[in-house]
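Keep the structure open beside you as we go.

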Amino acid sequence: MDRALFALAAVFVPIFPLSWVFNRTAALLPAGAQALVVLIVPQIGITLLAATFHGAPPPLSLRPWIMGLATASALLYALRALSARELSIWTRLMLCSGLAVVWLAWAAGSPGPVLRLMALGWGLPAAVALFLAGALTRRAGGAYIGLQGGLIAVMPRMTAGLVLAVLALTVTPVFPAFFMLWRGLESVPLAWLPFWLPLIFLWGWAAGRLFQDLLFGDYHGEPMADIGALSVALISVAFLVSLAVSLAGSGGASWY
Amino acid sequence: MVLILSDRLKVRAMVYVASEPIPRFWPMRTFIHHNPLYGLEDRPFTAAVAEGSRLFHARGYLDRGSYQDYRRAGKIDDVLIGRRIDAFLAGRTEGPAGLDLKAWLWQLMTATDRPRMIERGDFASGAGIRAALEGRTQPVPGDDLEGRLRALLEPRYGPTAPVYRQVDALFGTTIGATVDDLVTKSCLDFFDEGQSAWQAPGREAGFFQAWKGLARRNVRFLLRGLHLRQVFSEEDTAEGMVAYILRRLEVPEAAWQDYITHELTRMHGWAGFIRYRMGAKHYYWAQRYPADLVDFLAVRMVLGFALLQEGRRRHGTPASSAGVAGLLRTAPVQAYLRHELYGGTILPAWAHKVDDALARARPSALAGLAAAYVQAKADWENQRTAQALRGLARTVGADAEAGLAGLAPGQIDVLVGLLRDWEEGEGPVWLEAMESHYIGELAARIRPPAEAEPPATRRPFAQALFCIDVRSERMRRHLESLGDYQTFGIAGFFGVPLGYLEYGKGSEAHLCPAVQTPKNLVLEIPAGLEFEEEPLFTALEHVLHELKASVLSPFVAVEAVGLLFSLGLVGRTLAPLGYHRFRSRMRTGKPITRLLLDKLSIEQADSIMRAVQRAMIVRALARELSIPRDQVTDDDVRNLREVALGNEAGPSRLAQRLGMSQAAEHDFLEKLRSVYRIDRAVTSLQMGRLGRIGFSVEEQVRYVTQALLSIGLDRNFSRFVLLIGHMSHSENNPYESALDCGACGGGKGLPNARALAAMANKPEIRRRLRERGIVIPEDTWFVPAIHNTTTDVIELHDLDMLPARHLLYLERLRSGLAAAGRCCAAERMPLLDLPARLAAEPFAAAALAQRQAHDWSQVRPEWGLARNVYAIVGRRVLTEGVDLEARAFLQSYDYRLDPKGRLLENILTGPLVVGEWINLEHYFSVVDTESFGSGSKVYHNVAGRFAVMTGNQSDLRTGLPSQTVVKDGRPYHEPVRLIAMVEAPLEFARRTVARLAKVQALISGGWVRLVVLDPEDDYRMHVLEDGGFHVHPRSGRAAHSAPDNPVLEASPCNR
């Protein structure tokens, strides 16, 4: 039973190799649904994790293996994100890379609410980015990096939203993922840090590439309308929630 | 691979031909406004723009939206557009029936805001568009897809384009960008002019050889897997290397010329700078570290070749032209999908699918995908065109939509072709329509003199000769409105081309238009008789500068003296003007100087040579033989000199007297020749150089005569004749010299003014002028001055030479000039986005102008020559009192003093060409701020002390920065060609132009718009258009004196 729950959790809180099920399934859904999936499904996965080992942390003998797998998974998906050119795929890969931190924290015995905030830390910006990828696909026919370029000139509101979402996904300070990452890393033995520090570099690199190829430069495509006021309001709410998560994640709330 | 001599020679010849369209790029210290398409000036303007756009990947006209903005502002002549549409339609033999094509073209031009409505497509067709109009899709024939794709691709991947560019386009690699980066680094190392603390070694050997020496040991190249040693072992010379690589790339010989052109024009900034160096014989850095375009090309090609080889080894990408052709031949489907994906033309919805399929590389899957993609692309293209046609028909109105719906596929093809052809040639029509508007404005503004001009009865208080620069117009207008001043316009070098060696400077500056090379050299020498020691503050500055420039000292110095630098930082930022005043007080001013202006006689030159060489011998004796001066007589020194020069046989008297051995004397004499340059050949060379110093009396008379007659000043001289050169002052501005005088080669005009004034004040020169009929009164004094265009201050110079009786009037003169300057500032400051109230507060405006000049964060200290549009060659009476908004080059000229047209010839070949270069530099910098202009100043960095780059490495930015020509994202400079109006009888002007081949080519080629204002034909304006002169309908005395003539009688200061 534990094994089945564990495997199911590895699909819902995606970790290699079962993360491909999460990615494949999400890819089949429309953009709006994908945004919901990345918010909700990891939360279900955390519930499942809590149910494994009768609510106790994993056995000590298993912890290094889980941490190792989480680290490898995070690195693998960060590397994959570097070569991804489709915005939705890029976002999902970054999400998978980031959610590996949840596994670290779980292995270290962090309580359920902490894990949920962690999943939200990556899930919220990922949901925004996927929503915007959908908006871009509807307008341009696709959200492919390096084709049009210069979106900042034609869709400034969308660009602003996307920049914030990407920064949040790539653990930039102020955004919750930043605090969650450090929280997760507290549980990692010092010897593992050389694997996690390059990860931050890889995330930054992937974000830089995205900005350079998608947002800046000269725009080459057809005229497009920017996202509307409702979308802006929705995105603003998402970031306000993010801010609240940040406050909680940075120790502003006594959640542990 | 064996190369023959002819290959090498061929490469040299081809590089020469390929470099012709590349504009020379002068170093920033002497920024020369030049036409970026100078190399194509032998072609008509429109043809040259098309070729320039192709070569430099640039745009030659503004986009449609910008022209429409001008139209809404009333700056476009609709009548001319209508005429051009009529002419275009008259030239078409076929057109779709039932459509009002003129209305379609009119709406296309004036009512659609997209830069291009009818795009070219790979698969669009009349039948497809017809189907799209009806809401259907037209199936693309599925047969022979491979053949059709091959036919589509092969013309686009011909052998003339660099192989790496083709590989980049087909495989998404970045070899081209990497080559650019590596070449930039190599160029920065080699061409550095003292910016780097550590210089690259071996530069004396030339660019390619020095680079080769470094590249062999470059660890970064090794780490990248670039096997350069192997390439270097094949050929030694640069041209041999180019030929070798072209053969290894399997580029057919017939394509070499175009291939080389593509390579050289890719980074035309660097290529232009090297081209300038090649031709600048006097350029110190070029003499010391030679380089040519063959070297540059060889470096590019070696790097490109090595990177292609690396790509072949690592990723299996083609590494030759034949390899690319092979891919197109054997796998056209894959090549097409690659072309679409990596060329950025793919439909976004298909991008991921195609990327995925290419990664899997299964031919059958690719074929199926390609067929589906081609259908989707065809549908998209047809729908896009149908949508554009439908939208256009809607704006045309009436029954246009019904007419469109009734067109057969063949007629749709014709309509689409017609619209597309019009759109492709639309730019020149907008341009002409805008120029036509400005010609009309000029016709409305000028004020022809009355029939019978009354003779001058009064002597003006002062006459001032200003540069023709557009910024002088404002100052002239205000000065004239203030009182009894008469002004003239003359090229800022005052017709005196000179090489100038400034006191304290080590190299000669050429102060004349860039197209001339001065024969005469003028030295500035201090008039102070006392020896001056270097002041403490200046010495301290030198020490700090050395500390900064050194490689190691900053590590120590930053903590020790870093705080000192912060004082400057804070001062410059918070109180730029106060800080400037503080520093000025700390420094000692420049001493009073004189110009060495008169030609040296042979005896004088010989005497100088002897004196210098004797001093050198005395020094050599002390240093080499430790013989002090008191043991040597003048005779000994003279005899040693003669022996060293070979005029007398040895042993020398001194050697005999001191008992020197023959060998010791021989060694000493050799040192005298080689180290101390007491050598016959060097002496002869130095004598030649001394011969360049100064002007002969005849030359001085000629220059003064020419300057005065060319502006029509041959009588009624006033007490002061001011010769006012101009300069600018700004901080932290690599483009400062772009704001200086273009007619002085981007330098300051003061030395020329001082030279001409000194000549004209000489009694001997005046005597000779009198013989030629130019009588300058005894109490007339020529005073040199400089107009600072950033601060609007005019400073008088050489006042210590002013006759005492003139001092009585000096206060009046100075106060008049200062008041005019303040009025200029009041007019100018609001244009720089400063408060509009300054227009009514001249003192505040002048203070702010001073601050602008010393503010190191100011990206736009002044507008410079932006918005220039006219060149008016004629008497001031035509424009006196008219506000030309600092948009006109004003060259004074009186055709009545020029019966043979020689003076007009000089004006047309000198000032007019300078004006044309300035105008076209601005034109192209604004129509394409990135390719012809130099983009935003904000990202600029100085490169090697001779140019700027964007970021830390890029091609050299050759044009004007966007801050100079763009305001709030819209063009501030209105891009039109220079409208040159000449006041002269039509036939006279026509004959004069016909004698000047270059000017004729510029005018008939449309690089300059010529308008002749014929005083003998009732001042009608004859506009050269469509190959002939046409009388402007709103010209002639009656039209010019119409009441709606927008003449400003009062300056802002007077209101």
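Leu521(B) sits in strand 5 of chain B, residues 520-526; strands here are DSSP runs of E with at least two residues, helices are runs of H or I with at least four residues, and both are numbered from the N terminus. This is a predicted model, where local features need pLDDT of at least 70, side-chain atom pairs count only at pLDDT 80 or more, and totals for chains, interfaces and linings use all residues. Residues are numbered from 1 along each chain as its sequence is written, and chains are lettered from A and ligands numbered from 1 in the order in which they are written.

The scheme calls a residue buried if 20 or more other C-beta atoms lie within 10 Å of its own, exposed if 12 or fewer, and partly exposed in between, with C-beta atoms placed from the backbone. Leaving aside residues up to four places away in sequence, Leu521(B) touches Gly499(B), Leu501(B), Glu508(B), Arg692(B) and Ile693(B); a contact means that the C-beta atoms, placed from the backbone, lie within 7 Å. Val294(B), on the other hand, is 227 residues away along the chain, and its C-alpha atom is 33 Å from that of Leu521(B).

Now step back to chain B as a whole. Its secondary structure comes to 44 helices and 19 strands. Chain B has a radius of gyration of 34 Å, close to the 31 Å that the globule rule gives for 1055 residues, so it is as compact as a globular protein of that length. (That radius is taken over C-alpha atoms, and the rule is 2.2 Å times the number of residues to the power 0.38.) Of those 1055 residues, 45% count as buried.

What about the inside? The largest nonpolar core has 361 residues, and those with the most contacts inside it are Val102(A), Val242(B), Leu723(B), Leu756(B) and Ala980(B). Such a core is a set of buried Ala, Val, Leu, Ile, Met, Phe, Trp, Tyr and Cys residues joined through C-beta atoms within 7 Å. Helix 6 of chain A (residues 112-140) gives the most to this core, with 19 residues. Domain 1 (146-373) and domain 2 (462-519 + 696-1040) of chain B both give residues to this core, so it lies between them; the domain bounds come from an automatic or database domain assignment.

Among the residues it touches are Ala871(B), Val873(B) and Leu912(B). Ala980(B) also stands opposite Leu1010(B) in strand 17 of chain B. Strand 16 (residues 978-983) runs parallel to strand 17 of chain B, and 6 bridges join the two; strands pair if DSSP finds at least two bridges between them.

Strand 17 of chain B (residues 1008-1014) is mostly covered, with 7 of its 7 residues buried. Val1008(B), Leu1010(B), Val1012(B) and Asp1014(B) point one way, while Arg1009(B), Val1011(B) and Leu1013(B) point the other way. Strand 18 of chain B (residues 1020-1025) runs antiparallel to strand 17, joined by 4 bridges, and Met1021(B) is the bridge partner of Leu1013(B). These two strands form a hairpin with 5 residues between them, and Asp1018(B) in the turn has a positive phi of about 60°.

Notes:
Two residues are in contact if their C-beta atoms, placed from the backbone, lie within 7 Å.
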